[in-house]
Amino acid sequence: MSSISDRVIARNGDIFSIKRNESVVADTKGFFTDKNYPNGIQLLSTSDIKVNDVLIHNLTGESYMIERIQPLTRANELLGYIAYYKVNTASNDTQTFQYNIGTIQGSAVVGNQQNVTLNIGSSIEEIKSLISAKPIEDQEELNKLIQRFENVIEDNQPISKGFFSKFSDVLKKHSDIAIALGENIIDWLTNR
């Protein structure tokens with residue numbers, strides 16, 4: 001069975017071609033990661049990606065030289081990879097690169113709204129599973145958010161502007177939860 005991360009990426013990710021030794025060897029799907037993981041692209045767990053491969057974003061044609069690869073795991077399950085790329089900050093013919101050095105905290109990074117538009121059909125149980133992989137200090141607030149949403153659904157309460165404002169900081173920090181919850185809210189509003 002594929003992981004939640006793989007299902008989300010497979011349904012909503014952008015297509016990337018993997019170029020190795022001047023030849024395209026495969027296509028895969030992925031998302032550009034958010035500011036918490038700069039210069040990264042989260043890929044499917046089945047992606048055959050190696051350091052020094054080039055990922056070509058099929059939508060824009062932009063190329064990304066892979067500098068480092070970080071597997072994403074939870075409970076000994078491979079959820080995917082984050083491929084960190086060199087950033088070309090050059091102008092004209094001069095090239096300079098910025099290297100990202102950091103660590104992964106948590107098990108899933110999806111995309112940011114600058115690069116990816118998502119439509120995730122995640123169930124509440126799938127969202128709870130994503131929350132369980134978040135840092136402990138954020139899980140309590142995220143679980144309160146889900147409980148509040150479940151109460152709205154059960155009691156058929158209206159949602160007004162600012163309803164989730166109390167949770168804005170944690171939702172900004174965990175955009176994958178915000179995206180999955182947003183899909184559930186839209187589904188609930190359109191299928192009352």
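A residue counts as buried here when its relative accessible area is under 20%, and by that criterion 46% of the 192 residues in the protein chain are buried. The model is a predicted one, and its secondary structure comes to five helices and eight strands. Read from the N terminus, the elements of the chain follow the order α-β-β-β-β-β-β-β-β-α-α-α-α.

**The chain as a whole**

- The accessible surface of the protein chain comes to about 10,600 Å², and 47% of that surface belongs to carbon and sulfur atoms.

**The barrel and the helix on it**

- Six strands close into a barrel in the order 1-2-3-6-5-4, with antiparallel pairing. Neighbouring strands of this sheet are turned against each other by 50° on average, when direction is ignored.
- Helix 1, which covers residues 4-12, packs on this sheet and touches strand 1, strand 2 (23-32), strand 3 (40-43) and strand 6 (77-85). The direction of helix 1 makes about 105° with that of strand 2.

**Strand pairs, taken around the barrel**

- Strand 1 and strand 2 run antiparallel and are joined by seven bridges, and within this pair Ser17 has Asp27 of strand 2 as its bridge partner. The two strands form a hairpin with two residues between them, and Asn21 in the turn has a positive phi of about 50°.
- Strand 2 pairs with strand 3 in the antiparallel sense over three bridges, and the bridge partner of Phe31 in strand 3 is Gln42.
- Strand 5 and strand 6 run antiparallel and are joined by eight bridges, with Leu72 standing opposite Gly80 in strand 6. These strands form a hairpin with two residues between them, and Ala75 in the turn has a positive phi of about 50°.
- Strand 4 and strand 5 (residues 63-74) pair in the antiparallel sense over three bridges, and Leu55 has Tyr64 of strand 5 as its bridge partner. Their hairpin has five residues between the strands, and Gly61 in the turn has a positive phi of about 80°.
- Strand 1 (residues 14-20) also pairs with strand 4 (residues 54-57), in the antiparallel sense and over four bridges. Here Phe16 has His57 of strand 4 as its bridge partner.

**Packing of helix 3 with helix 5**

- The axes of helix 3 (residues 136-155) and helix 5 (residues 175-190) come within 12 Å and cross at roughly 5°. Angles under 35 degrees count as roughly parallel, and so helix 3 is described as roughly parallel to helix 5.
- Helix 3 contributes Leu142, Leu145, Ile146, Phe149, Val152 and Ile153 to this contact, while helix 5 contributes Ile177, Leu181, Asn184, Ile185 and Trp188.
- By class, the residues of the contact of helix 3 with helix 5 divide into ten nonpolar, one polar and no charged.

**Packing of helix 2 with helix 5**

- The axes of helix 2 (residues 124-132) and helix 5 come within 10 Å and cross at roughly 170°. Angles over 145 degrees count as roughly antiparallel, and therefore helix 2 is roughly antiparallel to helix 5.
- On the side of helix 2 the contact is made by Ile124, Ile127, Leu130 and Ile131, and on the side of helix 5 by Asp176, Ile177, Ala180, Leu181 and Asn184.
- Sorted by class, the contact of helix 2 with helix 5 has seven nonpolar residues, one polar and one charged.

**Packing of helix 2 with helix 3**

- The axes of helix 2 and helix 3 come within 10 Å and cross at roughly 170°, which makes helix 2 roughly antiparallel to helix 3.
- The residues of helix 2 in this contact are Ile124, Ile127, Lys128, Ile131 and Ser132, and those of helix 3 are Gln139, Leu142, Asn143, Ile146, Phe149 and Glu150.
- The contact of helix 2 with helix 3 has six nonpolar, three polar and two charged residues.

Key. Residues are numbered from 1 along each chain as its sequence is written. This is a predicted model: local features need pLDDT of at least 70, side-chain atom pairs count only at pLDDT 80 or more; totals for chains, interfaces and linings use all residues. Side-chain values use heavy atoms; hydrogens and water are left out. Axes are lines fitted to C-alpha atoms, for helices over the stretch in contact, and angles run from 0 to 180 degrees between N-to-C directions. Angles under 35 degrees count as roughly parallel, over 145 as roughly antiparallel, 65 to 115 as roughly perpendicular and the rest as oblique. Contact means heavy atoms within 4.5 Å. Ala, Val, Leu, Ile, Met, Phe, Trp, Tyr, Cys and Pro count as nonpolar, Asp, Glu, Lys and Arg as charged, and the others, Gly among them, as polar. Two strands pair if DSSP finds at least two bridges between them. Buried means under 20% relative accessible area, exposed over 50%, partly exposed in between (1.4 Å probe, protein chains only). Accessible areas come from the Shrake-Rupley method with a 1.4 Å probe; for residues, only the protein chains shown count as cover.
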